[in-house]
Amino acid sequence: MKQDRSGLESVSRARQLGGATLRSSVRLFDLLRVASLLGLGALSASGCGKENTVNAGSPMCQAGELRCKSTAVEVCKADGSGFEVQEVCSESTPFCAAGACVACETGSQYCSGNVVYGRCHDSNEELAVQDCGDLSQVCSEGRCRVASCEPTSTSCEGNEVVTCAADGLSIAKREPCGASQQCVDGKCERQRCQPGAHCKNTRQVELCSADGLTILELRDCGAAEGCEAGECLPKFCTESTTFCKDYKRMRCSASGAAEEEWPCAPDQSCETSVEGGIQCSSWVCEPGADYCADTEPRRCAADGLSSVSLGEPCTGRTTCSAGACGVWQCEPGLDFCAAGEARACAADGLSSAPLTPCDGSDPSCELKTCDDLPADYAGYARWPLPGTAGHPFDYLVDPGARTVRDQVTGLLWQRQGSPLLHSWESAKSYCEDLVWAERDDWRLPTRLELLSLVDYTRVGPAIDTGAFPDTPAEAFWSGSERGASGQAWTVGFNQGDAVGTAPSASRRVRCVTVGAPQKPIPVSGHFFQVTGNTVLDTATGLEWQRGTSPTDRSQGVSASYCLDLELDGKTDWRLPTAAELSSLVREVGVTTTFIDESIFPGTQSDNYWSATIAVPVTSNPTYWRVAFNTGQTSTGIWGNNEWARCVR
């Protein structure tokens with residue numbers, strides 16, 4: 001049964017003194033040793049032989065907090081940097097418990113009210129160890145603790161009312177004030193105004209205190225001023241009216257001191273009508289672009305609503321194209337021979353496309369089949385692209401000859417490539433020395449020829465494994481150099497990426513030759529015909545947007561951009577597939593970008609989106625893209641901002 005504090009102290013102390021004479025003499029040496037060590041500075045305030053630097057800059061304890069260190073009482077310094085000795089327990093009270101010197105050695109301490117109690121080990125009597133009230137502290141978990149706040153009091157932290165716990169050691173609860181309230185002196189007060197300066201109306205500035213409880217000032221703007229963003233600004237437009245500015249439609253604010261754009265449609269500009277009204281009018285031409293109005297070169301005005309002449313209409317052996325009179329390269333619409341090739345002149349006379357290779361029926365035209373690739377060939381397709389709309393993959397397998405003929409491209413492939421890994425030079429030698437299916441005209445494929453085997457609906461490997469069994473999901477060498485980088489192109493058949501690789505690297509090899517006559521390669525090295533704002537690829541049959549998207553966008557927004565595009569009166573544009581976009585990469589003659597910039601001006605040295613999703617499809621899908629600064633084909637997360645060039 002618990003006794004009063006003074007009674008317990010006297011009873012416990014008497015019992016301890018009566019039975020502890022020998023123990024006191026034994027401990028006397030220990031006490032003297034502790035005192036000696038403390039006097040010599042062997043024990044520091046933190047209990048170590050040197051200053052504690054581990055938590056330098058942060059409090060180690062709460063000021064005034066007591067603790068026991070052997071038979072000494074230590075107190076936390078006022079700055080919280082550590083403990084220092086307050087008292088060394090004497091013979092009459094030789095033991096330390098709960099930060100106090102006591103007469104007996106106690107077991108676990110506990111709290112009763114605000115007093116720390118313990119039990120003597122030798123007598124099991126209760127002992128009142130420490131009255132925490134004498135220290136202006138509170139009893140918690142068997143020791144006196146420094147209160148962190150006034151018990152049950154309320155205060156403000158930010159815009160929250162915090163209530164101190166009954167023991168003063170913690171926060172009992174936090175209550176945020178409402179959106180139109182402010183915490184003041186431990187309670188939520190309703191705000192009278194918005195803190196800071198703001199517009200009370202279009203003519204008055206209201207200045208409110210930081211707590212939102214007091215209106216400090218209400219100031220009227222001048223006659224030629226209006227209130228905007230909490231200040232009086234000069235008026236510069238008529239209140240709430242609409243007007244044109246730099247071909248944009250604008251709206252004046254209610255104060256007359258600010259304006260905002262009221263956008264027209266993407267292909268419209270703001271103009272003032274004859275009656276004086278403001279309207280959005282559709283462009284008659286691409287703003288700032290040179291174009292042809294029949295045979296006359298013209299330059300479109302910045303607003304897209306008018307144009308100026310760039311000279312006389314084109315006559316004679318010239319044709320207007322992209323706002324300029326170009327001299328004919330050949331007779332429009334006629335077939336002709338040039339550099340050993342049969343060619344068909346375009347209708348404008350400014351370009352030509354190769355005809356079917358000569359079959360010997362025309363003795364006046366001595367043409368080659370053009371199966372050999374010239375060293376400076378830019379690597380463009382000479383056929384429709386397999387796996388694209390209207391041209392599904394179509395293979396003819398000859399198991400005996402171990403060959404596969406691509407019915408779309410006319411290329412003849414090894415069904416299984418070399419079983420060994422090769423460096424680039426070794427790969428070229430392997431194909432050049434190869435005798436396969438009674439043919440010795442094998443070579444390494446170009447980058448695009450190798451990409452023509454990629455099936456982007458498959459993965460690991462990304463190829464028709466029925467036609468090409470046992471294809472490893474690894475990178476294969478092409479015979480194409482990657483511009484002037486010192487690298488050669490490889491195509492990875494795990495997913496279908498095309499990257500530059502050091503020639504010394506070891507990669508797989510599959511050789512190719514021509515299984516059917518190919519289109520002659522034009523002298524220009526490409527099959528593109530430029531007409532106005534579009535480019536026709538006479539080999540693939542694809543028509544391209546000559547320019548590029550005005551900004552970089554996510555994959556989905558880029559797809560929508562193409563669907564909404566109207567160019568030269570054509571509206572059926574779309575985002576290209578990965579195979580289609582890869583067909584624009586130029587492999588030789590590269591300057592700043594891996595594309596012919598004379599054909600596709602304004603191409604960004606960056607990634608362009610395709611419409612081909614990468615498999616397997618995930619919750620955060622990736623799409624294939626082509627980087628025209630590197631020429632490489634890779635995947636990117638659909639939400640990234642990349643550029644777009646549309647196709648139809």
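Predicted model: local features only at pLDDT ≥ 70, side-chain atom pairs only at ≥ 80, totals over all residues.
**Entry 1: the pocket**

I went for the largest pocket first, and its volume comes out at about 1,300 Å³. Sorted by class, the lining of the largest pocket has 17 nonpolar, 11 polar and 10 charged residues.

**Entry 2: the cavity**

How many cavities of 30 Å³ or more does the structure hold? I got 1. The largest cavity has a volume of about 40 Å³. I listed its lining as Y377, G379, Y380, R382, W383, T446, L448 and E449. By class I logged 4 nonpolar, 2 polar and 2 charged residues for that lining.

**Entry 3: the whole chain**

Stepping back, I noted 648 residues in the chain, 43% of them buried. For secondary structure I have 6 helices and 46 strands. I also checked the contacts with a separation of 6 or more, and residues 24 or more positions apart account for 47% of them. The chain exposes about 31,900 Å², and carbon and sulfur atoms supply 50% of that area.

**Entry 4: nonpolar cores**

I then opened the largest nonpolar core, which has 48 residues. Which of its members touch the most others? They are F468, F493, W544, L584, F600 and F628. Strand 36 (411-414), helix 4 (447-451), strand 38 (488-492), helix 6 (578-582) and strand 45 (622-627) each put at least two residues into this core. Helix 4 gives the largest share, 3 residues. Apart from this core I found another one of 14 residues, including L412, W424, W477 and A488.

**Entry 5: two residues I zoomed in on**

C264 is in the loop between strand 23 (259-261) and strand 24 (268-272). Is C264 buried or exposed? I put it down as buried, because its relative accessible area is 18% and the cut-off for buried is under 20%. Skipping neighbours within four places in sequence, I see C264 in contact with R249, S269, C270 and C280.

A579 is in helix 6. With neighbours within four places in sequence left aside, A579 is in contact with L385, T388 and Y456. A579 and Y456 are 123 residues apart in sequence, yet 8.7 Å apart C-alpha to C-alpha.

I found a cis peptide bond from G460 to P461, with omega near 10°. P461 is in the loop between helix 4 and strand 37 (475-481). V615 and P616 are also joined by a cis peptide bond, with omega about 0°. I placed P616 in the loop between strand 44 (607-613) and strand 45.

For positive phi in a non-glycine I noted D185, at about 50°. D185 is in the loop between strand 14 (181-184) and strand 15 (187-190), and it is exposed at 73% relative accessible area. D470 has a positive phi too, about 60°. I located D470 in the loop between helix 4 and strand 37. D470 counts as exposed because its relative accessibility is 71%, and exposed starts over 50%.

Key. Residues numbered from 1 in each chain as written. Heavy atoms only, no water. Core = buried A, V, L, I, M, F, W, Y, C linked by side-chain atoms within 4.5 Å. Buried < 20%, exposed > 50% of the residue type's maximum accessible area, 1.4 Å probe, protein only. Helix = DSSP H or I, 4+ residues; strand = E, 2+ residues; numbered from the N terminus. 1 Å grid on protein atoms, 1.4 Å probe; cavity = no way out; pocket = protein on both sides within 12 Å on 5 of 7 lines; lining within 4 Å. Points joined across faces, edges and corners; volume = space filled by probe spheres on them. Nonpolar A, V, L, I, M, F, W, Y, C, P; charged D, E, K, R; others polar. Contact = heavy atoms within 4.5 Å. Areas by Shrake-Rupley, 256 points an atom, 1.4 Å probe, with all protein chains shown as cover.
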